[in-house]
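Hi everyone, thanks for coming. Let me put the model up on the screen, and then I'll walk you through it.

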Amino acid sequence: IYKKYYWFFAFTIFTLQILSIPARGLAEQSELLVSAAISLKDAFEEMANHFEKQYAVKINFNFGASGTLQKQIEYGAPVDVYASAAEKQMDILESKSLILEGTRKNFARNVMIIIQSKSSEMPLNSIYDLTNPEIKTVAIGNPNTVPAGYYARELLETLGLWHRIQPKLIYAQNVQHVFVYTGRGEADVGFVYQSDIYKDKEKLLKTIYIPLDSQPSILYPIAVVRNSLVPDLATRFVELVTSETGKRILVKSGFEIP
């Protein structure tokens with residue numbers, strides 16, 4: 001009987017998570033729901049100001065880890081536009097025919113950097129210094145759901161460092177949590193995107209840039225979700241993101257343009 005109720009409550013909790021995303025009916029088609037990687041928050045909110053003025057449309061954002069957002073769409077969340085911090089999640093949705101054909105575009109590129117908390121006095125001059133015994137904790141996003149964590153693992157594996165520092169790793173729910181952990185000194189160092197340092201430079205003691213020839217390819221795709229009730233409006237938002245205005249905002253926010 002306990003097992004029976006356990007699964008009942010587990011299903012209820014998952015359902016409530018899906019329902020927490022704004023539901024809309026036909027009478028609310030003047031709204032747009034955009035699910036986007038949390039690293040896009042500042043850039044997309046600025047773009048929303050332009051879009052809402054031009055089309056008199058309210059944009060609701062659902063920011064989070066790309067893998068979590070992907071799962072929500074798979075389970076029927078009423079999303080109009082999806083923007084991921086990695087191609088993998090978009091590939092999965094495309095393979096299941098959950099995005100509208102012809103609307104997928106790569107619109108931004110990012111790179112990984114290492115940050116060190118202001119309170120830390122440990123020397124850190126390159127990524128190889130992570131193996132030093134003085135560095136005891138390294139924060140990364142969960143590689144299973146957070147693209148930044150996946151890319152950090154890929155980078156460390158390429159350089160032969162993954163197994164050497166794995167005991168030091170602290171997994172976070174998204175890249176912003178990595179930034180918070182490191183900024184507060186709860187982790188000695190952390191892996192974040194280049195775009196993340198543009199908002200909170202004052203929290204960082206040092207930023208270690210990783211050579212580009214060691215970097216994984218970090219591309220951000222965007223697409224209209226097939227079940228959108230407002231595909232025309234959703235397509236216009238994608239067009240804004242890939243327009244000269246969108247590019248200018250992205251560059252200002254620390255992204256690169258593919």
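Let's begin with Val-34, whose bridge partner in β2 is Phe-61. The two strands involved are β1, residues 31-37, and β2, residues 58-64, and they pair in the parallel sense over seven bridges. Two strands count as paired here if DSSP finds at least two bridges between them. Helices (H or I, at least four residues) and strands (E, at least two) are DSSP runs, numbered from the N terminus.

Before I go on, a word on where this comes from. This is a predicted model, where local features need pLDDT of at least 70 and side-chain atom pairs count only at pLDDT 80 or more, while totals for chains, interfaces and linings use all residues. Residues are numbered from 1 along each chain as its sequence is written, and side-chain values use heavy atoms, with hydrogens and water left out.

Back to β1: is it covered or open? Mostly covered, with six of its seven residues buried. Buried means under 20% relative accessible area, exposed means over 50%, and partly exposed is in between, with a 1.4 Å probe and protein chains only. Across the protein, buried residues make up 49% of the 258 residues.

Now the sheet. Its five strands run in the order β2-β1-β3-β10-β4, and it is an open sheet with mixed pairing. β2 and β4 are at the edges with a single partner strand each, so one side of each has no neighbour in the sheet. From one strand to the next, the twist averages 20°. As a reminder, strands of a sheet pair through backbone hydrogen bonds, either parallel or antiparallel.

What lies across this part of the sheet? Helix α4 lies across β3 (81-83), β4 and β10, and runs at about 35° to β10. For the angles, axes are lines fitted to C-alpha atoms, for helices over the stretch in contact, and angles run from 0 to 180 degrees between N-to-C directions.

α4 also has a helix partner. The axes of α3 (residues 66-74) and α4 (residues 87-95) come within 9 Å and cross at roughly 10°. That is why α3 and α4 are described as roughly parallel to each other; the label covers angles under 35 degrees, while over 145 is roughly antiparallel, 65 to 115 roughly perpendicular and the rest oblique. Which residues make the contact? On α3 they are Ser-66, Gly-67, Gln-70, Ile-73 and Glu-74, and on α4 they are Gln-89, Ile-92 and Leu-93. Contact means heavy atoms within 4.5 Å. By class, the contact has three nonpolar, four polar and one charged residues. Nonpolar covers Ala, Val, Leu, Ile, Met, Phe, Trp, Tyr, Cys and Pro; charged covers Asp, Glu, Lys and Arg; the others, Gly among them, are polar.

Glu-74 is in α3 and Lys-96 is in the loop between α4 and β4 (105-110), so the pair ties together parts 22 residues apart in sequence. Glu-74 is partly exposed at 23% relative accessible area, and Lys-96 is partly exposed at 45%. A salt bridge means a side-chain nitrogen of Lys or Arg within 4 Å of a carboxyl oxygen of Asp or Glu.

How many salt bridges are there in the whole structure? A search finds seven. One of them joins the side chains of Lys-41 and Glu-45 (3.0 Å, N to O). Those two are four residues apart in helix α2 (residues 41-55), so about one helical turn separates them. Another joins Lys-252 and Glu-46 (2.7 Å, N to O). That pair links distant parts of the chain, with Lys-252 in helix α9 (residues 244-252) and Glu-46 in α2, 206 residues apart.

Last stop, the segment after α9, where we find Gly-254. Is Gly-254 buried or exposed? Buried, at 2% relative accessibility. Leaving out residues up to four places away in sequence, Gly-254 touches Asn-110, Gln-194, Ser-195 and Tyr-198. Its C-alpha atom is 9.7 Å from that of Val-111, 143 residues apart along the chain.

Thanks, everyone!
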